[in-house]
Amino acid sequence: MLSKVATRAFKGVLPLLKSTRPAVLSLVQVPVGTFTTEADIQRAKLKLSKSLSKELKYEEENYQVDDSVQNFLKQSGFQLKDAEGENELELRKQVGSTTVLVTFQSRPPNYENEEEEGEKEQKEENQEEQEGESCDFTVYLIRPNKQALCYECATYDSEIIIQSINVIDDVEGHRKLSRFERGVNTYSGPEFGSLDERLQTGLQEYLRGFGINEELAVFIEHVSLDKEHRLYMKWLTDVSKWIEH
C-alpha cells in the first residue's frame, strides 16, 4: 500500500497529467465548407472554361501569319521542318557536299520589350543596357561521312554570337543533349571570345559562307516566337477540351 506521503504526492501530480492530455477533435469543430461538393466543382469548371475560351479567342485574334517566312525560305534555299506540338524546329539545305543543319527551339517573348513606350523611356534613363531579343541555336556542317563541325550560337538583336565550336561524330546523339549536358562529359572547345581575333574572323567568315548571317538571325528570332504562340494556342485548346469533357 502507498504511504500517506506517496499518496499525497501522487494526487498532486494528477492535475498536471490531466492538463497535458491532448485535446480530442470533435466533428463539430470541423469548419463548414471543408468538403467539396459536385456543385462546387461544376462552378469552378464553368469559370475556368470561360477564362480559357476568352484567352484562346484573344490569342487567335492577335495571331497573324507572316509571309516573310516563305520569302526567306525561297531566297535562302533552306527547308523548314516544323512538326506540330514539338518545341524544336530545324532548317536544312545542301551546299555542295555539305549538309547545313540549323536547330533551334520555340521561346517566350521578351516581355521587357513589350512595355509601353513611357515605361521603356523611364527605364532607359536608369539602365544603360536593355535586354534585347535573343535565341540560342546550333549549326551543324555535316560532311558525307556524317562528321560535323558544330557551331553553338545565339542571336542578339539580329546579330549572331558564336559561343563555341567543336567537331561532332554523332550529330543525332548530340542533338538529344541539352547545351549544358553537351559540355559535361566531353570537351566542347574553348570560349569563342578567347580565341585570337584572326581565328575568330576566319571562323565567322567560313560560317557566313553557308548562309548563316543576319537574315537568318532575324528569321530565327521571328519563327521561335511564332512557334511559341502556336504552341500556346494548342495548349489552351487541349486544356479547354479536357475541362469541357
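**The sheet and a helix packed on it**

Modeller: Strand 4 (residues 134–142) is paired with strand 5 (residues 148–156) in the antiparallel sense, over nine bridges. Two strands pair if DSSP finds at least two bridges between them; strands (E, at least two residues) and helices (H or I, at least four) are DSSP runs, numbered from the N terminus. The model is predicted, so local features need pLDDT of at least 70 and side-chain atom pairs count only at pLDDT 80 or more, while totals for chains, interfaces and linings use all residues. Residues are numbered from 1 along each chain as its sequence is written, and side-chain values use heavy atoms, leaving out hydrogens and water.

In this pairing, aspartate 136 faces alanine 154 of strand 5. The two strands belong to an open sheet of six strands, in the order 1-2-3-4-5-6, with antiparallel pairing. Its edges are strand 1 (79–81) and strand 6 (159–168), each of which pairs on one side only.

Helix 7 (residues 197–208) lies across strands 4, 5 and 6, at about 95 degrees to strand 5. Helix 8 (residues 214–244) packs on the sheet as well, touching strand 1, strand 2 (88–95), strand 3 (98–105), strand 4, strand 5 and strand 6. Contact here means heavy atoms within 4.5 Å. Axes are lines fitted to C-alpha atoms, for helices over the stretch in contact, and angles run from 0 to 180 degrees between N-to-C directions.

Helix 8 also packs against helix 3 (residues 68–76), at an angle of about 145 degrees and with the axes 11 Å apart. Val69, Phe72 and Leu73 of helix 3 meet Glu215, Leu216, Phe219, His222 and Val223 of helix 8.

Three aromatic pairs occur in the structure; rings of Phe, Tyr and Trp (its six-membered ring) pair if their centres lie within 6.5 Å, and planes under 30 degrees apart count as stacked, over 60 as edge-to-face and the rest as tilted. Phenylalanine 72 and phenylalanine 219 are stacked because their ring centres are 4.4 Å apart and their planes at 25 degrees. This pair joins helix 3 to helix 8 across 147 residues of chain. Both phenylalanine 72 and phenylalanine 219 are buried (under 20% relative accessible area; exposed is over 50%, partly exposed in between, with a 1.4 Å probe and protein chains only).

Tyrosine 232 and tryptophan 235 also stack, at 6.1 Å centre to centre and 15 degrees between the planes. They are three residues apart in helix 8, so about one helical turn separates them. Tyrosine 232 is partly exposed, at 29% relative accessibility, and tryptophan 235 is partly exposed at 47%.
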